[in-house]
Amino acid sequence: MNSGAQGGNVVTVIAGDGIGAEVTDAVLRVLNAAGAGLEYDRREAGVGAISAHGTPLPQSTLDSIDANRVALKGPLATPAGSGFRSVNVAIRKHFDLYANVRPVRTIVPGGRYEDIDLVLIRENTEGLYVGVEHFIGMEGDPKAAAESVMITTRFGSERIVRFAFDYSLAHGRKKVTLAHKANILKHTQGLFLEVGQRLAGDYAGRVGFEDRIIDATAMYLVLDPYRFDVLVMENMFGDILSDLMAGLVGGLGFAPAANVGERHAVFEAVHGSAPDIAGQGVANPTGLLLSACLMLDHLGRSATANRIRDAVSVVVRGALARTHDMGGDDGTAAFTNAVVRALG
Ligand code: NAI
């Protein structure tokens, strides 16, 4: 995905909170059964880390990711009242994981669309999510107004747009759509668009380019998703549209993600810690499993990744096992057993 961030045989594994332990165990079982040949440096983070380490993000966990450069991470709940806005955001910031890559592929047939195959690349460090906001008091009301600052830099725009084009080249993709709101946000989004249009010239003849207003992009994703291939956008637009795109293929249970920087990469499912079903053995491990496949791609082990993807597809399409969120009644272990059997 990004040669500078490629790691070795040892990966940091963080099970995380809630269903994290259940889905992580399932994923490691599949990786081992597929002969992925990885060693796991297991570390803690999240609410579960506080009792032993006094913090949801122990230094030893950061050191491990730093050394191994690649991590597979379960969901982390953000404890109320901690110094962190979010442990996930803190990890992304610490390692400057500027590219959030979310491939969206049909696995369960019979949804609204068949054969969806899209990739959203979301800028992960700038935009409105930098958290520069405050209330403005007036006439005795301390919250009479609120202000939030969107930050766009040429540097940040260039590296995410270039990432989208380089990703497209590396993965045989044909077109990059830059989605924006430059018609209204003429400075922040205007800069993002200007940078995109300029960089597109460097890839002319190799990867196509178009720009589209974000609201029209949302409409066309619902009406005719096949007109898109790779999409790139700023942080908040990417956050929103990636969930919309997950909805095109059946929801968050199948949504993997990679957070990629110059030197490090952290792979995680899009879903959270699902406290409502934690400990019941019913969680769907597919999101984290497909994230582990992205990790294998990143480590140059795409053959193993594709074997696992094929096994998941065989199990789900053939209804050999389906977890509750897929409309079945199998638990995590039964689903995982079926995937392991399908590996052959
Ligand atoms: P959630 O994704 O944990 O749960 C939403 C709904 O989806 C729940 O009904 C849950 O049971 C279901 N669900 C989620 N994953 C599932 C799976 N693998 N199999 C079956 N059903 C599944 O979102 P929620 O409830 O908003 O967040 C819970 C906690 O997770 C919060 O503390 C939040 O901050 C954290 N979170 C962490 C993320 C991360 O680590 N990247 C991402 C999103 C939320």
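The largest pocket has a volume of about 510 Å³, where a pocket is, on a 1 Å grid over the protein atoms alone, an open set of points at which a 1.4 Å probe fits, with protein on both sides within 12 Å along at least five of seven lines, and the volume is the space filled by probe spheres set on the points. Of its 23 lining residues, Pro103, Arg105, Leu294, Asn306 and Arg309 are the closest to the centre, a lining residue being one with an atom within 4 Å of a point. The model is predicted, with local features needing pLDDT of at least 70 and side-chain atom pairs counting only at pLDDT 80 or more, while totals for chains, interfaces and linings use all residues. Residues are numbered from 1 along each chain as its sequence is written, and side-chain values use heavy atoms, with hydrogens and water left out.

At least two residues of the lining of the largest pocket come from each of strand S4 (99-105), strand S5 (117-123), helix H9 (286-298) and helix H10 (302-317); helices (H or I, at least four residues) and strands (E, at least two) are DSSP runs numbered from the N terminus. H10 gives the most to this lining, with 6 residues. Domain 1 (1-116 + 249-344) and domain 2 (126-248) each contribute at least three residues to the lining of the largest pocket, the bounds coming from an automatic or database domain assignment. By class, this lining holds 10 nonpolar, 6 polar and 7 charged residues, where Asp, Glu, Lys and Arg count as charged.

The second largest pocket, with a volume of about 280 Å³, is lined by 16 residues, and Asn88, Arg92, Arg102, Glu268 and Val270 lie nearest its centre. Helix H4 (87-94), helix H8 (235-248) and strand S12 (265-269) each supply at least two residues of that lining, which divides into 6 nonpolar, 4 polar and 6 charged residues.

The axes of helix H1 (residues 20-33) and helix H11 (residues 332-342) come within 10 Å and cross at roughly 15°, which makes H1 roughly parallel to H11.

Key: Axes fitted to C-alpha atoms, helices over the stretch in contact; angles between N-to-C directions. Parallel < 35°, antiparallel > 145°, perpendicular 65-115°, else oblique.
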